Amino acid sequence: MVARISSGSNPKGAVYYNEMKVEQGEAERLALRNYVGILVDPDLMQKQQVAYMLEQQAALNPRISKPTFHVSLSLAQGEKPDSAELLAIADRYMDGMGYGGQPYAVYQHFDTDHTHVHVVTIRVDEKGDKIPDKFERERSNKLRQQIEKEFSLVEAERVVLNRSLPELKPVHYGQGDLKQAMTNVVLTVINDFRFSSFSQFNQLLRLYNVQAVEVPLEGKKPGMVYTVAREQEREGIAFKSSSLRQQPTRETVERRIKSGKKVKADSASHLRRLIEGRLSESGSWIDFQQKLQRINILVVPHQGKDGDLFGISFLDVKQKAIYSGSELGKAFTAGTLKKQLGEDFKNLPKEDIKPTIERKPQAETEHKPTAPEKEQTLDSNTSLIRRLLYAAGAIDDQQESEQELKKMTRKTTPRL
């Protein structure tokens, strides 16, 4: 099971999102818990009434800027418990997180190929006190592991290790099923990478020769289409986001941007230290990129038509998160880096692209993985690096690069 928590300033938005899914036949409201003092049958309550109860209680403490607690609980593909068991899982999770006595709404969604529920509540109790949210994600992760055992669910870690992403290559017109290839790219980027802006979403898409384009709509919010990048501008077919599998619309991307901001903020300091250490030892752009690739960090340059570097991003392959230089700090922006590494940015020559996995000596490692665990982790990292470098145009011969990457990632324990 995977639990994803998001916060908001008004519970109305989260309630309306789920109720809209119900109206469209893509979800079902399973229950309203602790809606005391309501004269209307809970099954007959309108979305305005569902939201009003939460809004009224949130208003008891206006000092809390983001009182909304919105969590999705996703089961592994193939797990299909009935609605009663899903509701029991949701109740167990809310009780374990300290929200068991709060009013909350539970919805089952049917818009993906795996079973999942959404739960909406608020962080303000009936006395106006805040529900403690310190170490919220750490507590959620431990609780999730307990629930997996109690309800005999597939462990999330096992799903991650065994999960194989589609073998992605850059998308081009006239090569295979264009819509299917584009869908694979878009859904992989949305579901498996972390980004915090629309431009970063497009930077990841362009690694695979795809781009998202906003389309103005009169009197409405802009729509969005996906098309092929790096070729003649808007050549051929542009697919509406709503026409692709799982409907990766602008609203979906915006939700991923919001969740990405939180996840990235938690790990930015670690990435900053890693890059800073390599930067202090680098004397050129080539040297800098080589050192970063040894720890699975890829440099994504933003260059004008004249080749001038005007921006830079860093892609953490292990965490599958992309950061702009400015997100990490002024010292990591293109302007500052050019002063230290040179005005003329140079990409790594193809023969110098040798991503490796940096390992600690055995004595420093807390957990020594078993042979199957090590093999799965190596294969996962190798596969992702290979796809990214292939998409960026760095690898032409896939079979040759496969053998090279296998050698690079199976490093022996460093000699003391």
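Analyst: Gln 247 is partly exposed, because its relative accessible area is 37% (buried is under 20%, exposed is over 50%, and partly exposed lies in between, with a 1.4 Å probe and protein chains only). Gln 247 sits in the loop between strand S8 (239–240) and H8, and has a positive phi of about 50° without being a glycine. Helices (H or I, at least four residues) and strands (E, at least two) are DSSP runs numbered from the N terminus.

The model is predicted: local features need pLDDT of at least 70 and side-chain atom pairs count only at pLDDT 80 or more, while totals for chains, interfaces and linings use all residues. Residues are numbered from 1 along each chain as its sequence is written, and side-chain values use heavy atoms, with hydrogens and water left out.

A positive phi also occurs at Lys 320, near 55°, again in a residue other than glycine. Lys 320 belongs to the loop between strand S10 (309–316) and strand S11 (321–324), and its 21% relative accessibility is why Lys 320 counts as partly exposed.

The part to look at closely is the sheet around S3. Five strands make up an open sheet in the order S1-S3-S5-S4-S2, with antiparallel pairing (two strands pair if DSSP finds at least two bridges between them). S1 and strand S2 (27–33) are at the edges with a single partner strand each, so one side of each has no neighbour in the sheet. On average, neighbouring strands are turned by 20° against each other, direction ignored.

S3 is joined to strand S1 (residues 2–8) by 7 bridges, running antiparallel, and Arg 4 stands opposite Ser 72 in S3. S3 also pairs with strand S5 (residues 116–122) over 7 bridges in the antiparallel sense; here Phe 69 stands opposite Thr 121. In turn, strand S4 (residues 104–109) and S5 are antiparallel over 5 bridges, with Ala 105 having Val 120 as its bridge partner in S5. H3 packs on this sheet and touches S1, S2, S3, S4 and S5, its direction making about 135° with that of S3. Such angles run from 0 to 180 degrees between N-to-C directions, with axes fitted to C-alpha atoms, for helices over the stretch in contact.

Of the 7 residues of S3, 7 are buried. Thr 68, His 70, Ser 72 and Ser 74 are covered on one side, and Phe 69, Val 71 and Leu 73 on the other.

Glu 79 counts as buried because its relative accessibility is 14%. Leaving out residues up to four places away in sequence, Glu 79 touches Thr 115, Ser 152, Leu 153 and Val 154, contact meaning heavy atoms within 4.5 Å.
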